[in-house]
Amino acid sequence: MTLNKAVLDIRARQRIKPSVLDKPSAVWTGVDLFNGREIKTLTIIFKTSGCRWGQAGGCTMCGYVYDSAHTAPSPADLEAQLDRALRKADGLDEFMLKIFTSGSFFDEREIAPQVRQNILRRLADDNRIPKVLAETRPEFVTDEVMDECKSIPGGTKFEIAIGLETSSDLIRKDSINKGFTFADFVRASETAKKHGVTTKAYLMLKPPFISEAGAMNDILRSVDDVAQYADTISINLCNVQRGTFVESLWQKGQYRPPWLWSIVEILKKAKLAHPDLAIMSDPVGAGSKRGPHNCKKCSYDVADAIRKFSITQDTGVFDELACDCMELWKKVIELDDLTYGSTITD
Ligand code: SF4
Ligand SMILES: [Zn+2]
């Protein structure tokens, strides 16, 4: 059985619940880094017909496909989703807008060109937004679309975000089933650059079948490989989402999300090697069994330090961290190469 077939079989057992189409899947405010300073953010996850790669099987860790709409929203629905999202920013004087679709913003099957252009034009007219970020798979990054992003939003900076996950084609194919190559990412980043659009690369720590130490080395190598093609690197920590291949491994004790000590170590080393590169990580679900975790005592403090580092880029925030579980983590690093990432200890 191929990995894609295994993922698809699990997807086939899930149901996408009917939901209202003029409301986004999610909207929230937060903070990010912009030109070396903290800026407020508004994140919108548009509800679209969803990621076509995910619908055909897709990535082993991805449960976002279940956030998509059961029938395709109309152009009016999508614009109403934007209206609702922007209302959340009513009290903000300045914010970065981050656009996700649980798929690709530039996939014209999810967001038709006319709707995309309307959205971009509206954002250009909002002078509270100095930067827009939109996530996409690399195959949808074309000269035509990048030119549109550059020219429509006036002085607004535009960034594309791509879930590259790793620079290793082998890991991306055999652990993640991502369906594109490092060369595809490089082409997209270079196309964007030609049009003055920057690139953010998402990497993913510890996809399935990789040991803790192997996963750490993979990310450190990936940061080195990606640094010249990305203006920002964000390291996602794999968590166990419902209805995914990763969840089926986790239920059998064959997968454990990464330790938070691992990402601390990665951030320290990567920042030392690339002092001028913005390197971030948002430890989503930290401290829970399905999320990245250390022991119960220290997980929340370590996650806070990781968030603080992402905004300050100062590795000094990790100096005071200590916990007894660090010795256990070191033992795991030493031993779990022998188990291919299966759980040695909770
Ligand atoms: S991770 Fe991205 S590309 Fe992969 S299935 Fe999910 S939405 Fe699609
Ligand atoms: Zn601990």
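This is a predicted model: local features need pLDDT of at least 70, side-chain atom pairs count only at pLDDT 80 or more; totals for chains, interfaces and linings use all residues.

Trainee: How big is the largest pocket, by volume?
Mentor: The largest pocket has a volume of about 1300 Å³, and of the 47 residues lining this pocket, Y64, F100, Y202, N236 and V284 are the closest to its centre.

Trainee: Which element gives the most to that lining of the largest pocket?
Mentor: That is β1, with 6 residues, while the elements that each supply at least two residues to the lining also include β2 (37–45), β5 (157–165) and α11 (299–312). By class, the lining of the largest pocket is made of 21 nonpolar, 16 polar and 10 charged residues.

Trainee: And the second largest pocket, what's its volume?
Mentor: Its volume is about 400 Å³, and L33, N35, K131, D231 and T232 are the closest to its centre among the 21 residues that line the second largest pocket. Its lining has 8 nonpolar, 6 polar and 7 charged residues.

Trainee: Switching topic, what coordinates the zinc ion (ligand 2)?
Mentor: The SG atoms of C295, C298, C323 and C325 do, at 2.3 to 2.4 Å, and the site is tetrahedral, with angles of 100 to 118° among the 4 donor atoms. Along the sequence, these donor residues follow the spacing C-x2-C-x24-C-x1-C.

Trainee: Where do C298 and C325 sit in the chain?
Mentor: C298 lies in the loop between β8 and α11, whereas C325 is in helix α12 (residues 325–335), so the pair, 27 residues apart, links distant parts of the chain.

Trainee: Is C298 buried or exposed?
Mentor: C298 is buried, because its relative accessible area is 5% and the cut-off for buried is under 20%; C325, at 8%, also counts as buried.

Notes. Residues are numbered from 1 along each chain as its sequence is written. Chains are lettered from A and ligands numbered from 1 in the order in which they are written. Side-chain values use heavy atoms; hydrogens and water are left out. On a 1 Å grid over the protein atoms alone, a cavity is a set of points where a 1.4 Å probe fits but cannot get out, and a pocket is an open set with protein on both sides within 12 Å along at least five of seven lines; lining residues have an atom within 4 Å of a point. Grid points are joined across faces, edges and corners, and a volume is the space filled by probe spheres set on the points. Helices (H or I, at least four residues) and strands (E, at least two) are DSSP runs, numbered from the N terminus. Ala, Val, Leu, Ile, Met, Phe, Trp, Tyr, Cys and Pro count as nonpolar, Asp, Glu, Lys and Arg as charged, and the others, Gly among them, as polar. Donors are N, O and S atoms within 2.8 Å of the metal (3.2 Å for Na, K and Ca); water is not among the atoms, so sites may look incomplete. Four donors count as tetrahedral if all angles lie between 85 and 135 degrees; four count as square planar and six as octahedral if opposite donors are over 155 degrees apart and all others between 65 and 115; anything else is irregular. Buried means under 20% relative accessible area, exposed over 50%, partly exposed in between (1.4 Å probe, protein chains only).
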